[in-house]
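Please read them with the structure open.

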Protein chains: 2
Amino acid sequence: MALTEFSLIQQYFAQQNHKNTSTCLGIGDDCALLSLPAGYQLAITTDTMVEGVHFFAGADPAQLGHKLLAVNLSDLASMGARPVSVTLALTLPTVDAKWLEAFSKGFLKLAEHYNVDLIGGDTTAGPLTLTVQALGLVPEHKALVRSTAKVGDLIYMTGALGDAGLGLKINLGYKCPQPDVALQRFNTPDPQIAVGLSLIDVASACVDISDGLAADLGHILGQSHVGACLDWECLPLSQAVQNYIDETGDCLMPLTAGDDYELCFTVSPDKIAQLHGNYTQIGIIESTPGLRLRKDGVVQALMSKGYEHFS
Amino acid sequence: MALTEFSLIQQYFAQQNHKNTSTCLGIGDDCALLSLPAGYQLAITTDTMVEGVHFFAGADPAQLGHKLLAVNLSDLASMGARPVSVTLALTLPTVDAKWLEAFSKGFLKLAEHYNVDLIGGDTTAGPLTLTVQALGLVPEHKALVRSTAKVGDLIYMTGALGDAGLGLKINLGYKCPQPDVALQRFNTPDPQIAVGLSLIDVASACVDISDGLAADLGHILGQSHVGACLDWECLPLSQAVQNYIDETGDCLMPLTAGDDYELCFTVSPDKIAQLHGNYTQIGIIESTPGLRLRKDGVVQALMSKGYEHFS
């Protein structure tokens, strides 16, 4: 870290008081230092966002700061982990004070909401690329992994499906009469931290829907060596998404579009009584491998494709 | 993480068996999971390398993989931490199997040498940008920080100064009769992990020399609210660096060039007897703020500038 970068980071990012009790030493040394409570495991994830790939050139920097952190916290949520701290690697084409101020505000506002400390980072010159690594705590052996769904488990999800995908379509020119919710879901998703925490000892497997329900549920199916059938009539679709499908006939969009950051999880039938929350049951785990969709009384195979880079 | 990326990561990076006892769950879920031993703190650092900024376009991918990991492990070394695991965020313009194979080999070879598990990552499309976050363990309250140097402490460093800087000059066209050591130091630096571990309870402060001795020692001085005087005659310079200075008169290069990844640390006089290793005493901590250099019997102020992005 060079001196000018250091003062940059200090100015925009070190203003946050460390509030999380895990943080012993934050920004400003070669490493940050954390103390972790006994009886917990550390959950670690990292996600990168690249200009022109994950967000449009000229995207609102405050929304970008929010979303960058949210997509990482969403991975912690899907493990049932409580976020504690993050590092931020910023590659910036120029030092734009206005951009940095807005970006850091969006980022830190969400961080403070979840009591997450920004404990370190790196600032480099180059094409706009943003990487966060997030650390969280989960009680030992309680993490919600992908590999433990069982045949007969019911499949649930939080929130609604496809609104972020619709938000992307709107950004690309689709005319939507009520664009606000879709754009909000696309620009500033909410990580489902509280839900993840509440699912410990209840869900048998969990993922966040970042690459599309089909692809992400597909990870559970693959790693659990099971299959699933989804019920089209059960999928939680907003009126705006329903209108989009009615207009375009593109009923795969909500199943394949990314960026929803809802949780999709499985629950054994004997644990249903312990499930408290406003979730939608969308299908069931079956023994036959693959993902299927029941629509209009017909069961059809569903390609488990989400958004693919390099494709 | 999309499906094609996932298989990419699997193919090149998931081959490593998890050897570190801290790793409970590695690549392949929304998060990795670590269990940490009691009595330790977690040290966390992140560093990014950008093509055209930190390395030349077309740089050898195996060397790049080595260096990317080494510069992150070097930050752990400077805290006295033992590395346990890393995540890797790769932004790649294309999927080049040959490049990925060489890069992953260079990266994983160094990882295995230090018993470091690659526990997760993200692969995105975009301009070549590489970010690692490294996690290490340090005994509670024993980390080697920057803020605890005291007046009268002696300043030491490992290895030699300026060879990596000379390697950069060679890459830029400087004709060096014996370029091998300088190029090796520039391309594949060794993180000083064992030294960092041995300095616990001995050194009063420590940094790694990533941005140049003047800048990095400057961090110790600033955060410890002290100054220092270095002795030119004591600086460990290789014959190649000495020849470069004789030819060019550029005696500041070894003090300001980055990428050495040696450790610079301070030791209280009453701890000198506990210092076992081949280190060079290069100066002394003083009460007057700022960094000075004694050369040819004259003490002069030294600008504490290292390599600066955006300058």
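1. Basis. This is a predicted model, in which local features need pLDDT of at least 70, side-chain atom pairs count only at pLDDT 80 or more, and totals for chains, interfaces and linings use all residues. Residues are numbered from 1 along each chain as its sequence is written, while chains are lettered from A and ligands numbered from 1 in the order in which they are written.

2. Symmetry. Chain A is superposed on chain B by a rotation of 180° with 0.0 Å of shift along its axis, at an RMSD of 0.0 Å. That is the relation of a two-fold axis.

3. Chain interface. In chain A, 60 residues are in contact with 60 residues of chain B; contact means that the C-beta atoms, placed from the backbone, lie within 7 Å. Strand β3 (residues 40-50) of chain A gives the largest share of the chain A side, nine residues. By class, that side has 30 nonpolar, 19 polar and eleven charged residues. Here Ala, Val, Leu, Ile, Met, Phe, Trp, Tyr, Cys and Pro count as nonpolar, Asp, Glu, Lys and Arg as charged, and the others, Gly among them, as polar. The copies meet through the same surface, because 100% of the interface residues of chain A are also interface residues in chain B.

4. Strand β2 (residues 32-34) of chain A pairs with strand β3 (residues 40-50) of chain B in the antiparallel sense, over three bridges. A32(A) stands opposite I44(B) in β3(B). Strands are DSSP runs of E, at least two residues, and helices are runs of H or I, at least four residues, numbered from the N terminus; two strands pair if DSSP finds at least two bridges between them.

5. Domains. Chain A is assigned domain 1 (3-139) and domain 2 (154-301), with bounds from an automatic or database domain assignment. Their C-alpha centres lie 27 Å apart. Contacts join 18 residues of domain 1 of chain A to 19 residues of domain 2 of chain A. On the domain 1 side, α2(A) supplies the largest share, eleven residues. That side has ten nonpolar, five polar and three charged residues.

6. Helix α7(A). Buried means 20 or more other C-beta atoms within 10 Å of the residue's own, exposed 12 or fewer, and partly exposed in between, with C-beta atoms placed from the backbone. H225(A), which follows α7(A), has a positive phi near 55°.

7. Strand β12(B). Strand β9 (residues 227-231) and strand β12 (residues 290-295) of chain B pair in the parallel sense over five bridges, with A228(B) partnered by L291(B). β12(B) also pairs with strand β13 (residues 298-301) of chain B, in the antiparallel sense over four bridges; one bridge partner of L293(B) is Q300(B). Two residues lie between the strands of this hairpin, where D296(B) takes a positive phi near 55°.

8. G249(B). This residue is in the loop between α8 (239-248) and α9 (253-256) of chain B. G249(B) is exposed, with 8 other C-beta atoms within 10 Å.

Notes. Copies are superposed by least squares on the C-alpha atoms of residues with pLDDT of at least 70 in both. Two residues are in contact if their C-beta atoms, placed from the backbone, lie within 7 Å.
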